[in-house]
Amino acid sequence: MADRSVTLVVCGAPLTVRTAGLVTALQGGGWQPRVVGTPAAREWLDADAVERLTGWPPQFDYRAPTLERRAQPPAALVVCPATFNTVNKAAAGAMDTYALGQICEAIGMRLPMLVVPMVNDKLWGHPAWPSSLAILHAAGVRLLDIHTGQLGEVPTKSGTGAEVIERFDPAWLVAQLDALTAG
């Protein structure tokens with residue numbers, strides 16, 4: 001049986017409130033998710049629900065030196081939602097949080113990676129943004145349109161977070177992750 005472990009990185013954005021639903025959808029698709037959060041995700045994430053579903057609390061910090069290392073890297077990594085800050089830092093190779101460390105390692109190892117940007121239209125026009133997306137594309141990272149579930153990326157209109165949360169279908173993640181890892 002193929003490895004179906006996946007690290008789900010969540011950032012501090014409105015869609016993070018649906019992490020339990022993302023975990024449930026991944027599990028329903030045969031994936032074994034481990035949730036890692038950026039520091040900003042703590043306020044958005046229901047850590048108790050994640051622990052009930054996975055058996056492990058979400059990880060926000062590097063492990064203590066006394067704790068055992070993870071034996072194997074995951075089969076894939078998903079960043080959903082991905083913020084402007086996290087995408088730009090990952091593209092630049094910045095590893096100042098555990099979550100960014102996981103993303104940068106996955107990029108360096110060329111693990112299958114799916115990123116779902118939740119970036120508003122005001123930030124989308126920033127001059128650093130196109131080059132960050134180009135770096136991710138060049139590294140083989142697939143980007144998922146948060147509005148349709150199709151490959152690609154578009155901004156979120158500022159102030160529409162609640163609508164995006166309601167419309168986002170976690171099955172989109174599973175379908176794209178399955179397609180990404182099928183080869």
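Tutor: Arginine 110 lies in the loop that links helix H4 (98–109) to strand E4 (113–117); helices (H or I, at least four residues) and strands (E, at least two) are DSSP runs numbered from the N terminus. The model is predicted, with local features requiring pLDDT of at least 70 and side-chain atom pairs pLDDT 80 or more, while totals for chains, interfaces and linings use all residues. Residues are numbered from 1 along each chain as its sequence is written, and side-chain values use heavy atoms, without hydrogens or water.

Arginine 110 is exposed, at a relative accessible area of 55% (exposed is over 50%, buried under 20%, partly exposed in between; 1.4 Å probe, protein chains only). Its phi is near 60°, a positive value in a residue other than glycine.

Thr86, Lys89 and Ala90 of H3 make the contact with Leu100, Ile103, Cys104 and Ile107 of H4 (contact: heavy atoms within 4.5 Å).

Pro112 is among the residues in contact with alanine 76, as are Ser5, Val6, Thr7, Trp31, Leu177 and Thr181, neighbours within four places in sequence being left aside. Alanine 76 belongs to strand E3 (residues 76–82) and is buried, its relative accessible area being 0%. From proline 33, alanine 76 is 43 residues away in sequence, yet 9.7 Å away in space, C-alpha to C-alpha. Strand E3 also contains proline 81, which a cis peptide bond joins to cysteine 80, with omega about -5°.
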